[in-house]
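Q: Can you walk me through a bit of this one? I'd like to start with the strands.

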Amino acid sequence: MAKSCSAKEMMKKAKEGHYAVGLFNAVTMELAQGIIAAAEETGSPVIFGTAEVLLPYNSLEDLSMILIPMAKRAKVPVVVHLDHGLHKETCLKALKLGFSSIMYDCSTDTYENNCARVKEMADIAHSYGASIEGEIGHIGGAEGATTAEQQADASKFYTTPQEAKDFVERTGVDALAIAVGTAHGAYKLPPKLDFERIKQIANTVSTPLVLHGGSGLTDEDFRKCIEMGISKVNIFTDINIAAVEAALANFTDMGKGIIDLLPSIREAIKLSVKEKMQ
């Protein structure tokens, strides 16, 4: 069993060691099992995630009963994280259930309100011994920059080094998600990453930096982002798709049930996560 590790400690080690820890959304038992298997086989620390938009598929209560015991039994350090908590009540529930890390995403609010709301939640999270992540700038979704024209204008929503410094000082966050050209979901056009911006922000703040929208990036993109200063990468779409492709490939007989497909689904998830970790 691994020694318990906070997200703050995990990302601090990643920043000092010039590597990044992966967050993979574990909203089903099969996803969680595949993620843990990959982490243990590679000897990698890992972060279990879910997000508020994913709660219709599995509640915080149910996930806490699955993920927290799995994290405690794991042979590697595992953090259980609520990603993109959009409401104060959701973040509070996660903390009360024992999640060791939360993200309070107020990035669509005004900058001043973002600072004030995240500062309040940071004080609460720290009272629970948990870590907190904030976000400034706008990280697009699948509905975001989908045309060349939209991508050309996207940089006006990117995080600036000055904002990053001010936000960290005012809120006390343990990790900062920055907008540098990635998007959530599947990309309709290749992402244009601002590597120099990552470097400038990393040189301005000591807080570990987070890259959202990791699915669809090339290995070289990952290496360059980490080289420039990223300490945590969020990935879901790639492993989600790997699970479905495995199910389709192995559903060859109408007499087969879900349990016949589970081994191949778990294996596909494990291999997809391992590929990212390596």
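Q: Which residue of β2 does Gly-22 stand opposite?
A: Gly-22 stands opposite Val-46 in β2. This is a predicted model: local features need pLDDT of at least 70, side-chain atom pairs count only at pLDDT 80 or more, and totals for chains, interfaces and linings use all residues. Residues are numbered from 1 along each chain as its sequence is written, and side-chain values use heavy atoms, with hydrogens and water left out.

Q: In what sense do β1 and β2 pair, and over how many bridges?
A: Parallel, over 4 bridges. β2 covers residues 46–51. Two strands pair if DSSP finds at least two bridges between them. Strands are DSSP runs (E, at least two residues) and helices are too (H or I, at least four), numbered from the N terminus.

Q: What about β8 and β1?
A: β8 (residues 230–235) also pairs with β1 in the parallel sense, over 4 bridges. There, Leu-23 stands opposite Asn-234.

Q: Is β1 mostly covered or open?
A: Mostly covered: 5 of its 5 residues, 21–25, are buried. Buried means under 20% relative accessible area, with a 1.4 Å probe and protein chains only. Val-21, Leu-23 and Asn-25 are on one side, Gly-22 and Phe-24 on the other.

Q: New topic. Where is Asn-114?
A: In helix α5, residues 111–127.

Q: Why does Asn-114 count as buried?
A: Because its relative accessibility is 2%.

Q: What lies 3.0 Å from a polar atom of its side chain?
A: The backbone oxygen of Glu-135.

Methods
Buried < 20%, exposed > 50% of the residue type's maximum accessible area, 1.4 Å probe, protein only. Polar contact = N/O pair within 3.5 Å; in protein donor to acceptor, adjacent residues only side chain to side chain.
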